[in-house]
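Here is the note you asked for on this model. Please read it with the structure open.

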Amino acid sequence: MLTPLQKRFRYHFRGNRQTNVMSKPEWYLAQVLLWIGNHTQFLDEKIQPILDKVGSAVSARLEFSRGLVMLVLEKLAADIPCLLYDDNLFCHLVDEVLLFERELHSVHGYPGTFANCMHILSEETCFQRWLTVERKFALQKMDSMLSSEAAWISQYKDITDVDEMKVPDCAETFMMLLLVITDRYKNLPTASRKLQFLELQKDLVDDFRIRLTQVMKEETRAPLGFRYCAILNAVNYISTVLADWADNVFFLQLQQAALEVFAENSALSKLQLGQLAAMESSVFDDMVNLLERLKHDMLTRQVDHVFREVKDAAKLYKKERWLSLPSQSEQAVMSLSTSACPLLLTLRDRLLQLEQQLCFSLFKIFWQMLVEKLDVHIYQEIILANHFNEGGAAQLQFDMTRNLFPLFSHYCKRPENYFKHVKEACIVLNLNVGSALLLKDVLQSASGQPPATAALNEVGIYKLAQQDVEILLNLRTNWPNTGK
């Protein structure tokens, strides 16, 4: 059955025939798939029963397929040396062979243990060329995706539920490129070849990270700008996807293979080997760590920029007449300090701007980092730098609890818990005189003792140290005149 097909194959795809064209490997690959498909029913219904009857374990269909695949392997072995130095023809051949392999295994059930085209592609000369071409075309693709006009725009920007990560087009295209490369090499017969492709992917991630860093450096003067935020979203997306891939079965198998290679070569310390073996680290850890560091640096720059603006806007507030403000009972209704308006407006505008431009997880880190700095700044530069009468303390508490904290209530349930210094300082400054005197006595008589901690906890102080509370008590001016 095979002999006439072998003759026809060699007639059409060897020598000077017009059907034997180097640039058209799909012709002979499609012909073989067609023959396999056309003979399947006959082999299954007529030939297989004869083999079964005599007790043979041979599968007629698979043996027939194997015979035809051997023709393809011969043809590839003859053609590949002629194509090695023409990147386009070689790349086209690899693409067609991979498509052929996929159909052979998925449609015709050809076993991976039989001789197949991946063994030819894995031979040293051919494989190194494949890696080189893959790298070259990937780098070209990266150049074009980063120089595209739509590079920093999300494809899904108008579909809120899809655009949760606000991924710019270039980052999505890049991860798709890596995914396609994985798909191309995952059926290679040996782990060592797959690991070489994995190294290529890691090099590409590193190259893309460096390119993102270069573009980011051009944008550092406008860290709240659209492009800077888009780069940050891109870094976050790539890092997140790589961390997800680390749990993928294919990459876990590669990790196991890498472990064996590293153990043989003593390439890693015992600690690193232990972490890999215990699955505490992954094949992408180095990449993820570098991306996370870049993400943190970029977020820090944004936080510092906004914090500087807020600090400038808070200068008037710091100079408020905290010593001579009217008490709560003297006012019909409490209202926000006029001097606090610039501070709160700046803060509100920046939060709205970055909430729109950063993805949810990044924005959450951003506002929490900002709040941490803001809490310490208000505590040290505004509260500790002033003295407060009863009206001043009440006004500060009103400004903070009714105006500043609620700015963040959209992002969390209890924003006051992120302003621990300010919240507790307001408690100390607003204790009624009797409670404040009592607390002062307890702190003076029980220096560093558990009673002091219990007394502080009782009034709601958990963050501030005893010395801080004593300093705050001394900032109050509304003590009764004891005649001393």
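This is a predicted model: local features need pLDDT of at least 70, side-chain atom pairs count only at pLDDT 80 or more; totals for chains, interfaces and linings use all residues.

1. By the ring-pair rule, the count comes to 24 aromatic pairs. One of them is Tyr185 with Phe197, a stacked pair at 4.9 Å centre to centre with 5° between the planes. Tyr185 belongs to helix α7 and Phe197 to helix α8 (residues 191-218), so this pair ties together parts that are twelve residues apart in sequence. Tyr185 is buried, with a relative accessible area of 0%, and Phe197 also counts as buried, at 0%.

2. Phe408 and Tyr411 give an edge-to-face pair, with 6.4 Å from centre to centre and 70° between the planes. Phe408 is buried at 0% relative accessible area.

3. Ring pairs also build a cluster, which links Phe127, Trp130, Tyr185, Phe197, Trp245, Phe250, Phe251 and Phe284.

4. Two charged side chains sit over rings. Arg66 lies over the face of Phe114, 3.9 Å from the ring centre. Lys440 lies over the face of Trp479, at 4.4 Å from the ring centre.

5. Helix α9 (residues 226-245) has 20 residues and spans 29 Å from its first C-alpha to its last, close to the expected 28 Å. Of its 20 residues, 15 are buried, so α9 is largely enclosed by the rest of the structure.

6. On the surface, Met176, Leu179 and Val180 form a nonpolar patch with about 260 Å² of accessible area together. Val180 is placed in helix α7 (residues 169-185). At 42% relative accessibility, Val180 counts as partly exposed.

How values were computed: Residues are numbered from 1 along each chain as its sequence is written. Side-chain values use heavy atoms; hydrogens and water are left out. Patches are made of residues with over 30% relative accessible area and no salt bridge: like charges are joined within 9 Å, nonpolar side chains (Val, Leu, Ile, Met, Phe, Trp, Tyr) within 5 Å. Accessible areas come from the Shrake-Rupley method with a 1.4 Å probe; for residues, only the protein chains shown count as cover. A salt bridge is a side-chain nitrogen of Lys or Arg within 4 Å of a carboxyl oxygen of Asp or Glu. Helices (H or I, at least four residues) and strands (E, at least two) are DSSP runs, numbered from the N terminus. Buried means under 20% relative accessible area, exposed over 50%, partly exposed in between (1.4 Å probe, protein chains only). The expected span of a helix is 1.5 Å times one less than its number of residues. Rings of Phe, Tyr and Trp (its six-membered ring) pair if their centres lie within 6.5 Å; planes under 30 degrees apart count as stacked, over 60 as edge-to-face and the rest as tilted. A charge sits over a ring if NZ of Lys or CZ of Arg is within 6 Å of the ring centre and within 35 degrees of the ring normal.
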